[in-house]
Amino acid sequence: MSEDNTTPPRRLAAIALIGSLLAPPAAAAEPAGPLTIARQGSFFVGGRSVASDTLSTLPAYAPSGTISVDQVYVRYQIPVEAKRPAIVLIHGCCLTGKTWETTPDGRMGWDEFFVRTGFPTYVIDQAGRGRSAVDPSRINAVKTGQAAPETLPPVVSAGQEPAWAIFRFGPKYPEVFPGMQFPLEAQAEFWKQMVADWAATLPTPNPTVPALSELAKTIEKTGLDGAILISHSQSGIYPFQTAALDRAGIRGLVAIEPAACPDPAKDDLAPYRDLPILVLWGDYVERVPRWAPRLKLCRAFVEAANKAGGKAELVLLPDVGMAGNSHMLMQDRNSLDVAAWLAAWLDAHVPPRP
């Protein structure tokens, strides 16, 4: 490794070459023409005020005061004459809303694709991530000697080497699964998306959950046709928790490769009755010890939910003709093919209200 802990250029080039040789052909072309929208903007949902005496250790800033924490940043775009339900895109661990934007190799992201397809599209940064603030009080309390070191909050950053297998680019770094769709030639750009994850420092349930409930209601109050919550990975359980909290404003749930589904042996399935639910997976899932048990639990949930009057479906992309997808399937070479398939599924299962 080089002194700045980045991948040496020769090794990076070799990995990219292996990926290009093993990768399938490029996917369908991007939609062409100008992007026309009725309006766009941003706002926050959720949050609370916290008074603290350890906000700063710098002389130029007062240590005491009140800050806002646990809020969730939301960016939105509304297409002209929007008739479809809105979608809310929720990123996973160690990432931000950038997950859904322009891909690492410069192609159209899902945020733009779904707007072009007629879906009002909302992209969030989870509480404590990206443009959603963190609370520095516990760190500063230790630094100023007002608290013991063991009270420091648990913060994690995912290293590129272990993340390689988590994102299923291959069984282990730097091996590549045959036919894997992620654009490894742009992996350096992807790693720049990774941020420190403060989720373990936040209350339970994660403040993102009640904020999503507030967002769904807000969307419906604006005159749109409710919200479809679409999560990924670590946030996979959030749409389920949000629906269990309050179904108001929620038209459907999509969990993409969720870290967890509701446990039918423990959780109440009544909140999911008559609610369209899709649990979507990429490829190589059962070849990776981290993901195979999660797929098994989600299968059990879907079966139990449907027996309880649900409308749940679990789909592996290879079973619908799309092979080679990594955990980051919204950034894979065929990401727009996956998005188009998902849009068709949503039209069939969550159609616009009359």
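This report describes the nonpolar core, selected helices and strands, and the disulfides of a predicted model.

## Basis of the description

Residue numbers start from 1 along each chain as its sequence is written, and side-chain values use heavy atoms, without hydrogens or water. Because the model is predicted, local features need pLDDT of at least 70 and side-chain atom pairs count only at pLDDT 80 or more, whereas totals for chains, interfaces and linings use all residues.

## Nonpolar core

The largest nonpolar core holds 92 residues. Such a core is a set of buried Ala, Val, Leu, Ile, Met, Phe, Trp, Tyr and Cys residues joined through side-chain atoms within 4.5 Å. Buried means under 20% relative accessible area, exposed means over 50%, and partly exposed lies in between (1.4 Å probe, protein chains only). The members that touch the most other members are Val88, Trp110, Phe114, Tyr122 and Leu346. Helix 9 (residues 335-349) supplies the largest share of this core, with seven residues. Helices (H or I, at least four residues) and strands (E, at least two) are DSSP runs, numbered from the N terminus.

Contact means heavy atoms within 4.5 Å. With neighbours within four places in sequence left aside, the contacts of Tyr122 include Val74, Arg75, Tyr76 and Ile78, as well as Ala86, Ile87, Val88 and Leu89. Tyr122 is also in contact with Leu215, Ile219 and Leu224.

Helix 6 (residues 208-221) has 14 residues and reaches 20 Å between its first and last C-alpha, close to the expected 20 Å. The expected span is 1.5 Å times one less than the number of residues. Leu215 and Ile219 are among the buried residues of helix 6, and both are in contact with Tyr122. Just after helix 6, Gly223 takes a positive phi of about 100°.

In helix 9, the 15 residues should span 21 Å at 1.5 Å a residue, and the end C-alpha atoms are 21 Å apart, which agrees. The buried residues of helix 9 are Ser335, Leu336, Val338, Ala339, Leu342, Ala343, Trp345 and Leu346. Their cover includes helix 2 (110-116) and strands 3 (86-90), 5 (227-232), 6 (250-256), 7 and 8.

## Strands 7 and 8

Strand 7 (residues 276-281) and strand 8 (residues 311-316) run parallel and are joined by six bridges; two strands pair if DSSP finds at least two bridges between them. Helix 8 (residues 292-307) lies on the path from strand 7 to strand 8, and this β-α-β crossover is right-handed. The term means that, with the strands pointing away from the viewer, the path from the first strand over the helix to the second runs clockwise. Trp281 has Leu316 of strand 8 as its bridge partner.

Gly309 lies in the loop between helix 8 and strand 8. This residue counts as partly exposed because its relative accessibility is 29%. Gly309 and Asp274 are 35 residues apart in sequence, with their C-alpha atoms 6.2 Å apart.

## Disulfides

The structure holds two disulfides, each a pair of cysteine sulfur atoms within 2.5 Å. Cys93 and Cys94 form one, with their sulfur atoms 2.4 Å apart. Cys93 is partly exposed because its relative accessibility is 29%, whereas Cys94, at 2%, counts as buried.

Cys261 and Cys298 are also joined by a disulfide, with an S to S distance of 2.1 Å. This pair links distant parts of the chain, 37 residues apart: Cys261 in the loop between strand 6 and strand 7, and Cys298 in helix 8. The link is right-handed, with 95° about the S-S bond. Cys261 is buried at 4% relative accessibility, and Cys298 is buried at 0%.
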